[in-house]
Amino acid sequence: MNMTLRYILAVFGAVITIHYVLSFTHTEYGRATSLSHLTSHFTGVNPVDITPIPDRYFPPFSNDTLSVDRRANATFVILARNSDIDGTVRSIREIEDRFNRRFRYPYVFLNEEPFSDDFKKRVSVLSAAKMEFGTIPKEHWYQPSSIDEGKAEAGRNRMVEQGIIYGGSVSYRNMCRFNSGFFFRHPLMEKYRWYWRIEPDVHFHCDIKFDPFIFMEENHKVYAFTIAMYEFEKTIPTLWGHVKDFIKLHPQYLAKDNAMGFLSETGGDTYNLCHFWSNFEIADMSFWRGEAYTKFFEYLDQQGGFYYERWGDAPVHSIAAALFAPSNQIQFFDQIGYEHNPYTHCPRDENTWKEEKCTCDPKRNFDYDGYSCMSKWDRLW
């Protein structure tokens with residue numbers, strides 16, 4: 001073997017050795033240079049790079065609870081009825097096992113009626129974290145007197161005839177309006193800045209070893225999601241027209257470098273129906289409590305569309321976040337495996353899927369479904 005070939009093989013061997021050392025000692029390097037990550041650029045399976053969470057956000061992992069000293073001013077918030085107890089127990093058990101046994105963030109439970117002693121008893125044994133139970137003020141929940149009930153009833157009947165899910169439900173509309181404009185005003189929520197919304201009977205498929213709240217706080221994020229999809233157009237036929245009217249009245253609230261491109265292919269003339277699925281969201285309540293969103297919600301509420309149509313909190317939150325915050329303040333958490341039946345987000349990155357012991361099937365990742373809006377989010381980057 002000549003000297004040149006020996007030299008080349010020696011250099012190649014040294015590079016391979018250094019690569020494996022860095023892969024095992026530096027998480028970010030390992031993720032960035034994984035075979036699945038590199039081949040994604042050629043196969044088209046992953047439309048964009050998924051930026052890994054930097055190592056500094058991962059505290060030393062332990063099976064013991066409370067592995068960290070620092071926490072954000074944050075809480076989980078769960079809107080549930082007493083009848084939702086079984087699903088609520090399952091959700092808490094999973095988020096505790098996958099995340100909160102190490103971080104111990106508190107819980108706020110909200111209900112239109114007082115929680116039963118049985119509900120409190122069954123959830124209280126699931127976590128060492130603080131739990132608070134609140135009743136929603138009637139003025140924040142029930143259909144306001146300003147709504148023309150005859151008109152609202154006619155709208156509900158049309159939706160029932162069209163077979164639209166929850167089309168005839170007043171309570172569902174109450175919930176959407178409450179989640180759009182009031183949950184962050186509840187007295188139990190006022191002391192917190194950040195929240196993580198959890199619903200009964202959802203699933204967390206992967207270990208979450210980093211703190212999303214701290215990550216968002218330090219990186220100036222205001223809103224985070226795991227699933228994006230299209231809204232049912234028949235539930236919001238006039239919503240975008242009112243959004244455009246509001247923007248004309250208050251152009252000062254539009255953020256520079258906003259995410260209008262996620263919502264519209266026509267520069268805002270029409271709405272493509274894309275929104276972040278808000279049954280999972282982590283967000284900064286300072287944003288909802290701020291002037292832009294407060295004025296926006298008040299304007300929409302005056303139009304009556306929560307009851308005359310069936311406006312959901314998901315498009316309302318999504319449109320506001322996309323327009324009133326710079327796009328780089330919205331975070332897609334690929335690392336969090338999440339399921340709300342029938343849709344599942346499973347991490348795209350294979351190393352994450354392995355390292356975080358995910359139970360979801362990557363092939364069922366909703367990101368690649370035709371009803372997903374992730375391709376529209378990805379194209380912004």
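**Figure 1. Disulfide pattern of the protein chain in the predicted model.** With bonded cysteines counted along the chain, the disulfides follow the pattern 1-4, 2-6, 3-5. The search of the whole structure finds three disulfides. A disulfide is a covalent bond between the sulfur atoms of two cysteines. Each link is shown in turn in the next three views.

**Figure 2. The disulfide between Cys206 and Cys358.** The S to S distance of this pair is 2.0 Å. The torsion about the S-S bond is about 120°, so the disulfide is right-handed. Cys206 sits in the loop between β5 and α9 (212-218), and Cys358 in the loop between α16 (350-355) and α17 (374-378), so the bond ties together parts that are 152 residues apart in sequence. Cys206 is buried, with a relative accessible area of 0%, and Cys358 counts as buried at 11%.

**Figure 3. The disulfide between Cys274 and Cys373.** The sulfur atoms of Cys274 and Cys373 are 2.1 Å apart. Here the torsion about the S-S bond is about -85°, so the disulfide is left-handed. The pair links distant parts of the chain: Cys274 belongs to strand β8 (residues 274-276) and Cys373 to the loop between α16 and α17, 99 residues apart. Both Cys274 and Cys373 are buried.

**Figure 4. The disulfide between Cys346 and Cys360.** In this pair the sulfur atoms lie 2.1 Å apart. The link of Cys346 and Cys360 is right-handed, with 80° about the S-S bond. Cys346 is in the loop between β12 and α16, while Cys360 is in the loop between α16 and α17, 14 residues apart. Cys346 and Cys360 are both buried.

**Figure 5. An open sheet of three strands.** The strand order is β5-β11-β12, and the pairing is antiparallel. β5 (203-204) and β12 (343-345) stand at the edges with a single partner strand each, so one side of each has no neighbour in the sheet. Strand β11 (residues 338-340) pairs with β12 over three bridges. Within this pairing, Glu339 stands opposite Thr344 in β12.

**Figure 6. The largest pocket and its lining.** The space in the largest pocket is about 1,000 Å³. Its lining consists of 43 residues, and those closest to the pocket centre are Tyr166, Tyr172, Met175, Glu199 and His340. Two or more lining residues each come from β1 (74-79), β2 (107-111), α8 (170-181), β7 (228-230) and α15 (313-324). Helix α8 gives the largest share of the lining, six residues. By type, the lining divides into 24 nonpolar, eleven polar and eight charged residues.

**Figure 7. His140 and its contacts.** His140 lies in helix α6 (residues 138-141). The relative accessible area of His140 is 14%, which is under 20%, so the residue counts as buried. Neighbours within four places in sequence left aside, His140 is in contact with Arg177, Phe178, Phe182 and Arg185.

**Figure 8. Asp118 and Asn82.** Asp118 is part of helix α5 (residues 117-124). With a relative accessible area of 45%, Asp118 is partly exposed. The C-alpha atoms of Asp118 and Asn82 are separated by 8.5 Å, and the two residues are 36 residues apart along the chain.

How values were computed:
Residues numbered from 1 in each chain as written. Predicted model: local features only at pLDDT ≥ 70, side-chain atom pairs only at ≥ 80, totals over all residues. Heavy atoms only, no water. Pairing = 2+ DSSP bridges. Helix = DSSP H or I, 4+ residues; strand = E, 2+ residues; numbered from the N terminus. 1 Å grid on protein atoms, 1.4 Å probe; cavity = no way out; pocket = protein on both sides within 12 Å on 5 of 7 lines; lining within 4 Å. Points joined across faces, edges and corners; volume = space filled by probe spheres on them. Nonpolar A, V, L, I, M, F, W, Y, C, P; charged D, E, K, R; others polar. Buried < 20%, exposed > 50% of the residue type's maximum accessible area, 1.4 Å probe, protein only. Contact = heavy atoms within 4.5 Å. Disulfide = S-S within 2.5 Å.
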